Amino acid sequence: MKKVIEIVDVIDTAKVYAELSDANSGGICVFVGAVREFTNNEEVVALEFETYKAMALKEMEKIADKALEKWSLNKVVMRHAVGEKGVEEPVVIVGASSAHRDACFEACRFLIDTLKETVPIWKKEKFKNKTVWVSAHP
Amino acid sequence: MNVLFFGITKDIVGSSEISFSDEFKPVNVAELKKQLIESYPEFSKLNSLAVAVNSEYADDNVLLNGNEEIAIIPPVSGG
């Protein structure tokens, strides 16, 4: 299988190597996004993610296909979590494998940057006294 | 015609789905946005407001017949 595209409740970062490794791949590059404890010096209690799942999977598929067109990749993984996530928990993992490292490094950056721009997933920051939908307002 | 709401737009509307009766049914995406902003002025304060028709981003001129799956997409913030 060339692509793994998923929206899940919990991300298991340990399984991504097996998903991306390939006899023709000398390079595997992975990005993991996790919950950070502070936003602008305010303590974050948790992040809550919601999605429009049918559309999110379609958009992720398009991004993976574009990456496969643009670079010579062997495998691509894009997986995002939904629900409430605590500090240090992984929320997104993307990765690619290729014969040499340049392609997978560049593709990995493209996968996460484009996911953040177009995939319908929303993040609410929960602080002690308030909650904020990230990027909603200027 | 039913419209789905997500993220902050769900909070503004107070529901994840609303129905438009035939007499108020917008003819295209631009009209839908205009009606929503009139009913919920908070929508105009958002960084962006996109519409998806059958789970694809739709331009303002896309026509609506009411049988599509229509969703309001506030600024996304995954990752």
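How many salt bridges does the count between chain A and chain B give? I noted first that the model is predicted. The count is 3 salt bridges between chain A and chain B. I looked up one of them: the side chains of Lys62(A) and Glu56(B) meet at 2.6 Å, N to O.

I then turned to polar contacts and found 20 residue pairs between chain A and chain B, both residues at pLDDT 80 or more. On the side of chain A that touches chain B, at least two residues each come from β4 (42-51), α2 (53-70), β7 (90-98), α3 (101-118) and β8 (121-127). I sorted the residues of this side into 14 nonpolar, 5 polar and 8 charged.

For the extent of the interface, I recorded 27 residues of chain A in contact with 23 residues of chain B. The buried area between the two chains is about 2200 Å², and carbon and sulfur atoms give 53% of that area.

Next I examined the cores. The largest nonpolar core has 32 residues, of which Leu73(A), Met78(A), Val94(A) and Leu115(A) touch the most other members. Elements of chain A that each supply at least two residues of this core include β1 (3-8), β5 (75-81) and β7. The largest share, 8 residues, comes from α3(A).

Finally, I noted a second, separate core of 30 residues, with Met55(A), Trp122(A), Met1(B) and Ile70(B) among them.

Definitions and conventions: Residues are numbered from 1 along each chain as its sequence is written. Chains are lettered from A and ligands numbered from 1 in the order in which they are written. This is a predicted model: local features need pLDDT of at least 70, side-chain atom pairs count only at pLDDT 80 or more; totals for chains, interfaces and linings use all residues. Side-chain values use heavy atoms; hydrogens and water are left out. Contact means heavy atoms within 4.5 Å. Buried area is the accessible area (1.4 Å probe) that two parts lose on being put together, summed over both. A salt bridge is a side-chain nitrogen of Lys or Arg within 4 Å of a carboxyl oxygen of Asp or Glu. A polar contact is a pair of N or O atoms within 3.5 Å; within protein, one must be able to donate a hydrogen and the other to accept it, and residues adjacent in sequence count only if both atoms are side-chain atoms. Helices (H or I, at least four residues) and strands (E, at least two) are DSSP runs, numbered from the N terminus. Ala, Val, Leu, Ile, Met, Phe, Trp, Tyr, Cys and Pro count as nonpolar, Asp, Glu, Lys and Arg as charged, and the others, Gly among them, as polar. A nonpolar core is a set of buried Ala, Val, Leu, Ile, Met, Phe, Trp, Tyr and Cys residues joined through side-chain atoms within 4.5 Å. Buried means under 20% relative accessible area, exposed over 50%, partly exposed in between (1.4 Å probe, protein chains only).
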